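Trainee: I would like a close look at one part of this protein. Could you take me through the nonpolar patch on the surface and then its surroundings?

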Amino acid sequence: MFKYLFSLSPAIISILVGIFLQKMAIFMTLPFIPIFLGNNTNLNPTEIGFIVGVSPFAGICASFIGGYLSDKLGRKKILLLTIILSTCVLFSYFLITHIENMQLKILSFTLLSVLSGVSAGVFEPVATAFLSDLATPELKGVIFQLRYFSLNLGASLGPMVGLLLNTNGTSSSFLYAGLLYSIYFFVFFILMQRNYPHNVATTDKKVSFKQSCFIISNDRKMLFLILTCIILIFCYNQIMTTLSQIMHDEVKNGVEKYSLFLTANGILVLLIQGPLYKITRKIGLNKSLCLGSLLLTFGFLVLTFDLNSNYILILSILLITSGEVLVFPISNELIDTFAPSHMRGAYFGAAAFKNFGLVLGPIGGGFIFFNFGSHYLFIILAIISFVAPFVFFYGQREKVLEKIKI
């Protein structure tokens with residue numbers, strides 16, 4: 001994949017860098033907000049969870065609107081606005097940590113959590129749609145893979161950068177992340193001015209917000225793809241949530257092993273993405289989705305064996321990470337094939353509804369684990385992962401409404 005980097009336009013590279021920086025800034029700050037709130041407020045864990053949880057929910061709600069506006073007003077303008085908003089939010093986080101009034105501090109954190117979610121929720125689909133606009137057809141697959149690589153690299157380096165700066169769990173993390181975003185804003189602005197001096201809408205076709213909602217809500221292929229992604233994200237999310245509880249309760253030195261499990265996941269994503277990309281080009285998008293789901297299925301089945309065994313954990317993380325790398329970048333390529341060129345932003349915005357899997361994952365996984373135990377949880381996850389491609393292909397066979405002429 002990386003041999004294509006030198007042939008990409010500065011605009012594409014700047015967007016990929018922005019995706020990397022956004023994810024790195026999030027992982028420098030967001031995972032440590034609960035720690036900061038726990039140390040500096042009188043909130044209980046449930047209240048802290050609510051403040052942190054409103055961020056992704058706000059992002060899901062804002063994504064479709066942001067994507068639609070980028071179709072109407074142009075991608076550049078919306079991306080610049082989200083970068084400015086993210087910068088202001090990060091600096092505001094730093095400032096409110098010094099507020100003495102406890103109620104005002106809590107209210108401010110909640111409001112900024114919402115704004116942070118809106119900014120990130122709008123940036124992601126608009127940046128993805130912009131990449132699709134700029135990419136030549138033969139390079140789209142490569143660029144979507146590079147996008148996924150940028151996300152994971154930012155997520156991997158964010159906590160490490162915070163650790164090196166000695167800012168994890170402190171207010172300084174917001175200040176450094178805000179400075180990072182400020183620099184990126186000026187670089188992105190200059191590059192966009194040189195390459196795209198005029199901010200124009202992506203199309204002359206006039207599609208109202210109501211019409212966009214109607215078209216997407218009647219696109220069966222798109223709806224079933226979103227449902228498939230919700231199912232797979234629900235399953236994969238257990239690795240980031242419920243598994244930590246399971247290993248804490250059932251595995252000797254479980255916390256340490258779980259930390260190594262997540263670290264291995266991040267490293268493997270970066271190492272195996274290139275080889276697996278070659279496989280996706282050979283077998284096609286649909287078969288890649290099936291193969292990824294099957295690998296997730298086997299990965300969860302492996303976890304039904306002895307969790308105290310390092311070999312079981314290594315085999316499981318290898319299978320699950322391989323499935324992740326196959327499934328999630330492919331979903332963006334599939335969305336791109338479904339989206340009309342003049343509604344690309346709205347389609348990628350609507351795709352954010354797949355993140356409801358992140359909302360449902362901790363709730364559903366925790367319920368199954370609490371009532372039935374980890375063994376049955378992993379079996380159920382394996383069954384759900386196996387069924388997911390059938391949901392997708394059912395949507396492919398559904399009769400799709402004839403394209404509405406706008």
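Mentor: We start with the patch, follow its helices, and end with the salt bridges.

This is a predicted model, so keep that in mind throughout.

Which residues form the nonpolar patch? They are Leu294, Phe298, Leu301, Ile383, Phe386, Val387 and Phe390. Find them on the surface. Together they have about 630 Å² of accessible area.

Now ask where they come from. Helix 12 covers 285–302, and helix 16 covers 374–397. Each of these helices supplies at least two residues of the patch. Helix 16 gives the largest share, with four residues.

Val387 sits in helix 16. Its relative accessibility is 40%, so Val387 counts as partly exposed. The cut-offs matter here: buried means under 20%, exposed means over 50%, and partly exposed lies in between. Phe298 belongs to helix 12. Phe298 has a relative accessible area of 42%, so it is partly exposed too.

Stay with Phe298 for a moment. In sequence, Phe298 and Leu319 are 21 residues apart. In space, their C-alpha atoms are 6.9 Å apart.

Begin with helix 16. Its partner here is helix 10, residues 242–250. The two pack at an angle of about 150 degrees, and their axes are 11 Å apart. Therefore helix 10 is roughly antiparallel to helix 16. The cut-off for that label is an angle over 145 degrees. The crossing of helix 10 and helix 16 is left-handed.

Turn to helix 12. Its partner here is helix 9, residues 220–240. Their axes come within 12 Å and cross at roughly 40 degrees. So helix 9 is oblique to helix 12. The crossing of helix 9 and helix 12 is left-handed.

Now move on to charged side chains. Side chains of opposite charge can pair when their charged atoms come close. How many salt bridges does the structure hold? There are four.

Asp71 and Arg75 form one of them, at 2.8 Å from N to O. Both Asp71 and Arg75 are buried. Arg75 also meets Asp133 in a salt bridge, at 2.6 Å from N to O. This second pair links distant parts of the chain. Arg75 is in helix 4, residues 75–96, while Asp133 is in helix 5, residues 102–134. They are 58 residues apart. Asp133 has 30%, so it counts as partly exposed.

Another salt bridge joins Glu333 and Arg281, at 2.6 Å from N to O. This pair links distant parts of the chain as well. Glu333 lies in helix 13, residues 310–338, and Arg281 lies in helix 11, residues 254–283. The two are 52 residues apart. Glu333 is buried because its relative accessible area is 8%. Arg281 is partly exposed because its value is 35%.

Finally, go back to the shared partners. Salt bridges that share partners join Asp71, Arg75 and Asp133 into one network.

Note on methods: Residues numbered from 1 in each chain as written. Predicted model: local features only at pLDDT ≥ 70, side-chain atom pairs only at ≥ 80, totals over all residues. Heavy atoms only, no water. Patch = residues over 30% accessible without salt bridge, like charges linked within 9 Å, V, L, I, M, F, W, Y side chains within 5 Å. Areas by Shrake-Rupley, 256 points an atom, 1.4 Å probe, with all protein chains shown as cover. Salt bridge = Lys/Arg side-chain N within 4 Å of Asp/Glu carboxyl O. Buried < 20%, exposed > 50% of the residue type's maximum accessible area, 1.4 Å probe, protein only. Axes fitted to C-alpha atoms, helices over the stretch in contact; angles between N-to-C directions. Parallel < 35°, antiparallel > 145°, perpendicular 65-115°, else oblique. Left-handed = near helix turned anticlockwise from the far one by under 90°.
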